[in-house]
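This report walks through one protein model, from local details out to the whole chain. Begin with the structure itself.

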Amino acid sequence: MLAVFAGLAGLLLLLLPMSLQAQLMLSFAVLGVMFFGMTRPDNSVFRLTTFVFAGIIALRYAYWRTTETLPSFSEPINFIPGFLLYLAEMYCLLMLAISFFMVVDPVRRTTPKMGSGDELPTVDVFIPSYNEDPELLAGTLAAAKSMIYPKDKLNIYLLDDGGTEAKRNHSNPHVSISAIRRHEQLKALCKAMDVHYHARKQNDHAKAGNLNEGMKISSGELIVVFDADHAPVREFLRETIGFFAEDKKLFLVQTPHYFLNPDPLEKNLKTFARMPSENEMFYSMVQRGLDKWNASFFCGSAAVLRRAALDAVDGFSGQSITEDCETALSLHSRGWHSVYVDKPLIAGLQPETFVSFIGQRARWCQGMLQILILNRPFLAKGLTVPQRICYAGTNLFWLFPVTRLTFMFAPLLYIFFSLEIYEANILEFASYAVTYLISSFAMQSYLYGRVRWPWISELYEYVQSVLLIGSIVSVIRNPRKPTFNVTAKGQTLDKSKLSPLAKPYFAIFFLLLAAALYSGYRFLTEPVASELLLIVAGWNLINLGLAGAALGAIAERRELRRNQRLPVKRHALAKMAGELYTVIIQDASSGGISVEFVDHQPKVDMANPPTAAVELRRAGQVIAFNVVCRSSRTTESGMVYGFAYAERTPETFIAIADLMYSDQAVLQERLVRRQVRSNFFWGTGRFAVWSITETLRALRYGFGLIRESSVPSFEDAPILVRDTNVHIPGRTTDLPAVLTGAHTYG
């Protein structure tokens with residue numbers, strides 16, 4: 001009843017004519033009601049009331065913006081750019097409304113029991129690969145084999161698109177030799193790890209075609225998809241399989257993508273351990289909101305799908321380059337259901353360099369716009385109205401580069417050319433625009449504050465917009481033209497430097513800086529500086545701060561770590577120099593472990609590094625592996641020693657999987673620890689500091705003023721497959737060019 005009353009009151013307030021003073025008072029009163037509603041976020045009535053009153057402010061701003069601020073049609077030099085700016089704002093209001101609808105009531109699922117024995121369905125695990133390092137694949141295969149599930153009902157397939165028959169028979173001998181070598185290496189690895197290896201004839205329809213080929217050679221009732229760099233925890237199937245027994249029309253259980261390493265912005269701004277990652281807003285809020293409307297969709301990995309549903313639509317869709325969302329759209333439109341489980345159940349890798357980050361986002365952008373144009377989800381037959389809104393909103397979101405750049409450059413038209421594309425005085429701007437902005441930031445904090453800090457969305461959008469605008473244009477010109485490009489993962493940087501893509505960011509920064517200086521000059525020299533100049537100069541100053549912080553994103557810090565670590569805190573026994581020690585393994589990676597000796601410290605001569613035999617126990621089983629001491633450091637609890645694996649056999653990778661992925665709580669705790677709300681004023685202050693410090697750092701990089709000490713590094717032990725007499729190198733220079741960089745479909 002309270003929500004209905006709020007809606008009626010909101011409609012009345014929306015249509016009520018009033019003076020500027022009354023509008024200002026109304027805006028503050030509505031903001032007061034909003035802030036009161038925000039005090040009870042778990043109460044559905046208070047939550048809906050907050051949405052309604054936020055909508056009142058937004059719609060009153062839209063009405064004022066439409067009727068009072070547009071330039072005269074008789075002045076096209078003002079009207080045309082003014083109208084384009086207006087359209088960009090209306091797009092933002094539309095996306096705001098859709099986002100409100102999406103997350104009005106996020107779902108949090110309770111995991112049903114998996115079942116046991118004959119009740120359990122057969123499961124095929126597909127790991128599609130392109131040209132990833134064997135060590136990356138070995139880690140994922142080992143983690144998949146370690147999942148809790150009856151072994152007679154679990155089959156694992158490495159679907160290798162890097163060793164296809166077409167590549168092995170290629171006319172270019174370099175391509176042919178590389179493909180043959182990869183084919184033989186991975187066949188040997190899969191044989192040693194007791195999983196299936198398959199390479200198709202040729203690379204048709206990229207990842208979708210590879211997955212469909214996997215369906216032809218397998219028969220499991222359920223299909224699990226993991227990207228090559230997405231290693232699952234032991235409980236993955238236990239947390240997902242039970243949903244399919246509850247709903248016979250369920251085609252998908254999707255879980256979040258959790259990453260062990262920072263993306264380029266997190267790495268370069270040093271925020272990874274402290275701030276929620278960019279993807280957490282989507283996976284922790286948006287997907288849960290979509291789940292309310294049976295619209296959570298397949299994200300390409302970390303998901304379980306029903307084979308019968310895929311058979312009904314002839315497998316994974318391949319018309320667009322985002323086969324995951326397109327496949328989900330096809331199945332939702334045929335009445336199938338989806339579920340989203342908000343638990344991190346895989347650990348993956350993000351692009352490490354800015355170039356690969358932009359390449360990944362360009363593919364997402366093009367693929368989503370392909371679906372918008374070719375599949376027209378807002379008109380698709382079989383979808384419910386909420387599903388149409390959710391899919392259309394998800395696809396339309398990727399037009400943000402157009403609006404973000406419009407907002408970036410619009411102030412320059414008045415500062416440099418005195419074009420009046422936004423007609424308002426200070427009181428009008430305060431009464432409508434400022435209160436609308438306060439409302440928007442408040443709602444952003446209310447809905448996403450735990451997973452997105454202030455100004456971070458604006459930074460990510462701007463950084464992507466500069467280079468994605470071309471991707472949008474190419475899709476609009478020819479929706480079928482974009483092709484699937486793989487994403488580089490597992491890269492390292494031996495020194496800090498500017499990204500090769502840095503030039504346009506510097507150009508925009510200096511253009512905005514010139515505009516800021518010129519607007520100051522106009523204030524000092526013009527007899528009567530207009531109120532509009534004050535508004536526009538402030539707007540440009542915010543843009544300049546955003547552009548300055550973005551320079552920090554393209555000033556790439558070096559990254560020497562090849563292997564990402566997880567804190568594990570596992571008890572083990574270590575035998576070294578004939579003496580047995582009780583140890584605690586503090587953290588682990590695919591390259592080694594950090595060890596604390598509990599009872600007494602060993603005598604370690606780093607000039608002659610000792611080897612230790614380590615034993616882990618789980619459920620009565622002993623897992624053993626050998627390590628070599630590489631380093632030591634002093635901590636509050638004592639000395640901690642760094643050990644590298646002496647050799648990496650398939651058995652070693654099983655041990656690595658047991659160390660890193662045996663406990664889902666490790667990933668959950670790491671995720672929760674950084675999901676802390678940031679006060680808007682503190683966040684704004686921090687962002688202002690970035691705008692200055694990151695600009696200076698980028699300029700130092702540009703002038704070559706970087707001082708970095710050399711850091712010793714050690715090569716990982718090679719992968720040894722004893723029973724086939726195959727030696728698979730790690731990241732070494734003797735690999736052919738096609739194998740030296742790890743790429744994934746993700």
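## Aspartate 314 and its loop

Aspartate 314 lies in the loop that links helix 13 (307-312) and helix 14 (323-332). Helices here are DSSP runs of H or I with at least four residues, strands are runs of E with at least two, and both are numbered from the N terminus. Although aspartate 314 is not a glycine, its phi is positive, at about 60 degrees. Most residues other than glycine have a negative phi. Aspartate 314 counts as exposed because its relative accessibility is 69%. The cut-offs are under 20% relative accessible area for buried, over 50% for exposed, and partly exposed in between, with a 1.4 Å probe and protein chains only.

## Basis of the model

This is a predicted model: local features need pLDDT of at least 70, side-chain atom pairs count only at pLDDT 80 or more, and totals for chains, interfaces and linings use all residues. Residues are numbered from 1 along each chain as its sequence is written, and side-chain values use heavy atoms, with hydrogens and water left out.

## Helix 14 and glutamate 326

Glutamate 326 belongs to helix 14. Its relative accessible area is 6%, so glutamate 326 is buried. Not counting residues up to four places away in sequence, glutamate 326 touches Ser317, Gly318, Gln319, Ser320, Ile371 and Asn375. Contact means heavy atoms within 4.5 Å.

Two C-alpha separations involve this part of the sequence. Glutamate 326 and leucine 20 are 306 residues apart along the chain, and their C-alpha atoms are separated by 48 Å. For threonine 39 and serine 317, 278 residues apart, the C-alpha separation is 44 Å. Threonine 39 sits in the loop between helix 2 (20-37) and helix 3 (44-68). With 53% relative accessibility, threonine 39 counts as exposed.

## Helix 8

Helix 8 (residues 206-216) is mostly covered, with 10 of its 11 residues buried. Among the buried residues are Lys207, Asn210, Asn212 and Glu213. The buried residues of helix 8 pack against strand 1 (123-129), strand 2 (154-160), strand 3 (196-198), strand 4 (222-225), helix 13 and helix 14.

## Nonpolar cores

Which residues touch the most other members of the largest nonpolar core? They are Phe316 and Met443, in a core of 87 residues. Helix 4 (residues 76-102) gives the most to this core, with 11 residues. A second, separate core has 79 residues, including Ala138, Tyr149, Leu158 and Tyr581. A nonpolar core is a set of buried Ala, Val, Leu, Ile, Met, Phe, Trp, Tyr and Cys residues joined through side-chain atoms within 4.5 Å. In soluble globular proteins, nonpolar side chains tend to be buried together.

Leaving out residues up to four places away in sequence, phenylalanine 316 touches Ala208, Leu211, Asn212, Met215, Val225, Phe298, Leu305, Leu310 and Thr327.

## Two tryptophans in one loop

Tryptophan 455 is in the loop between helix 18 (426-448) and helix 19 (456-477). Tryptophan 453 is also placed between helix 18 and helix 19. Tryptophan 455 has a positive phi of about 75 degrees although it is not a glycine. Tryptophan 455 has a relative accessible area of 14%, so it is buried. Tryptophan 453 is buried as well, at 8% relative accessibility.

Beyond its neighbours within four places in sequence, tryptophan 453 contacts Arg274, Met275, Pro276, Gln444, Val676, Arg677, Ser678, Trp682 and Arg686.

## Lysine 495

Lysine 495 occupies the loop between strand 10 (487-489) and strand 11 (497-498). Not counting residues up to four places away in sequence, lysine 495 touches Arg558 and Glu708. The C-alpha atoms of lysine 495 and glutamate 556, 61 residues apart along the chain, are separated by 8.6 Å.

## The whole chain

The protein chain has 24 helices and 21 strands. Its C-alpha trace spans about 85 × 60 × 60 Å along the principal axes. Buried residues make up 57% of the 746 residues. Of the contacts with a separation of 6 or more, 80% join residues 24 or more positions apart.
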